[in-house]
Amino acid sequence: MKQKKLTKWLAASLAAAMLVQASMPQYAVYAQELTAGSAETGMDTVTEDAGQGEAEAVPQLQNGTAVIPAGSDAASVKEILGRALVANAGEVDLQSLEWEYYCTGKNGLLTNDAWGSVNGFTSEKKVVFVTTTYTHPALAANSDSTYQVRLAGTDTAVTLTKAAKLASSVVLDQGCTVNLAYNEDLSVNYDRMRENIMSTVVASSEPQLSVNDVTIEYYATAVTGSLGDLGKAWVPLEGGTVSALNYPAMSEGTWRIRISYGENDQYYGTSAETEVTVADGRYASSIVYKEGAAITYNMDPAVMRQEILDSAIDWENSVLPAKDSVDADDFTIEYYGTAVSGSLGDLGKNWVPIEGGTADLLNYPAMGAGDQQIRISFRGNTEYKPVSAVEGALSVNKAKVSVSVSSTNIFADEPLPKGFVTTDPADDFDVYTLFVGATSDISTAVYLNLPERYTDNDFLKILDPIVEAISGKSFTQMLNEGVTIGELRELFSTQELLDLLDKLNIDTGTFGQILNVINNMPSLMDSVRIAFGTPSRAGLYTAAAITDNVNYETGVGIGMVLVKMRASGVKLTWNQEIPGGKLTAEQAETFDFGVKLSYNGDVTISQENVHFLYSGFTTSWKIYSSTTTAPTEPGSYVVTVVTLGGNYLAAPITRTFTITE
């Protein structure tokens, strides 16, 4: 059916709209020019035959507010205005509406108010009989304000409050308190602090904001101080540098804070300020020290720290996290130590870690056995506040040590193998080793091997004069010459020496143990001489290792040492051969009947265990026998040379010879 405009119907609709407007002044009604619908537009059509279709809904205008972003295109502006100003927008094709608005156009300093397209237009006006053209911006490009808006071709206008963006707002509560938030390492977690502030201080916001949408700052004073507002600035909660000044991080106290929301495509920015009190909301902690606390020394300071926590803190009466939720690293434990160079009163004394360390340029050892003064402080955690140091007395008992002596066999000129004496625990010990045994020549031998410190010149300078005053000879002389058991017994029981050894950190109980070992060997008389060092003569020895460390009870271990005689490469050699086996009596007087004992060609080894036996008959048939003197009278003889005892075993040698007149 042929379509045509319904001009008469439009006029009637406008008249009806005026009647409606009289009863509903907030709305303006517009009778849209209608065309026949099509499959492409999907719009209803009105034709000459009203019974063949229904008329499209008439837009009903209303006052409204709209956000029209700068740069919006014509289609977007139509959609936005339709949603804001058409009360029955859901029944109308909004893109078919053409809009006008009343605004000010400009030509230099001249202005003119006129109606025109919301997409921008020009207007004309005579100024002093001269027609002047004015340019009117598009609604989307115009400033935020209220405008009169109407549908093109109508005179009925509604009020539009237009903005390029929505207004934002942040409303803050006053007098709020926010707790500090801590990481596991007890540094402040400022991300969580911001979350706490946001959830505690923000009463409302438009739009609905989260901590990630805003910037939270506090009004801080530079670390170098300030003069009025000079040296003060808004800075992040972590602090930082602003205008070359350094600002601290937010801590406990009352602070001015600012929460800012930045401008974006939809909203204008905003900010708000308030005061907050930042507090440490953790539980208040306390430590109650347990009187009479005692632990056992351990070479591992970490073990002693844990023992102190277990033994020195009254957990039932202290206010601390649950015992099984903390460890020694959560506490600072120190002892009142004396520098290794000694002290004069409190000079050279200081609070230092259990493992020792350096304080005021002095070195301090690890805490040892004895009566100690300690102090304990709690570092705090995410739930409990720190506790300053609490002092108390602590008894550190000596630890026990197990001593093992690995029985071994060596040659006299060999050192004892590494690991001959071992201790458990493997701490630093002075080890005194007593060797008592029977030598290869069936004689008693005693050796006392002292720790290396006894060969230190500085040590001997201190020890020598004291020992010489007691025994008449210096300790150095004793080391070189040996000493009898009786002399050693007397020396070790002299109080003056014991006091000196105590000052040198030598446990005098060790010498008591040495004497106990000697006393348990009844065959050792006071006259038996003790040599210092390890056994130098072949034989079988009982070895008693006695440990000394001021932090341990004296330990004793027993083993055996076999010092073997060397046989391979050992031989006896005549000093002089007897030509043809005959000597004259005159030759015998000056003949060298001696023998050399050698080891791998070395003749400098000891000859003490070389023994001779001369036997035979003189020409007058007298029997001759001697172990020391070679014969010189005419006769027939045999000489046999053997090694008895000592450190070297050689095969015997024998020769026969005749002495003539």
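By class, 12 nonpolar, 7 polar and 9 charged residues make up the lining of the largest pocket (Ala, Val, Leu, Ile, Met, Phe, Trp, Tyr, Cys and Pro count as nonpolar, Asp, Glu, Lys and Arg as charged, and the others, Gly among them, as polar). The model is a predicted one, in which local features need pLDDT of at least 70 and side-chain atom pairs count only at pLDDT 80 or more, while totals for chains, interfaces and linings use all residues. Residues are numbered from 1 along each chain as its sequence is written, and side-chain values use heavy atoms, with hydrogens and water left out.

The largest pocket holds about 890 Å³ of space. Grid points are joined across faces, edges and corners, and a volume is the space filled by probe spheres set on the points. Of the 28 residues lining the largest pocket, L504, N505, N549, V550 and N551 lie nearest its centre. Strand β18 (331–338) and helix α8 (495–503) each contribute at least two lining residues, and the largest share, 3 residues, comes from β18. Helices (H or I, at least four residues) and strands (E, at least two) are DSSP runs, numbered from the N terminus.

The second largest pocket has a volume of about 400 Å³. Its lining counts 18 residues, with V421, V431, T433, N449 and L450 nearest the centre. Here β26 (421–424) and β27 (430–439) are the elements giving two or more residues, and the lining divides into 8 nonpolar, 6 polar and 4 charged residues.

About 80 Å³ lies in the largest cavity, whose lining comprises 12 nonpolar residues, with no polar and no charged ones. Among them are L450, Y454, F475 and F532. Helices α5 (457–471), α7 (485–492) and α8 each supply at least two residues of this lining, with α7 giving the most, 3 residues. The second largest cavity, of about 40 Å³, is lined by K78, L97, E98, W99, S117, V118 and N119; by class, this lining has 3 nonpolar, 2 polar and 2 charged residues.

Definitions and conventions. On a 1 Å grid over the protein atoms alone, a cavity is a set of points where a 1.4 Å probe fits but cannot get out, and a pocket is an open set with protein on both sides within 12 Å along at least five of seven lines; lining residues have an atom within 4 Å of a point.
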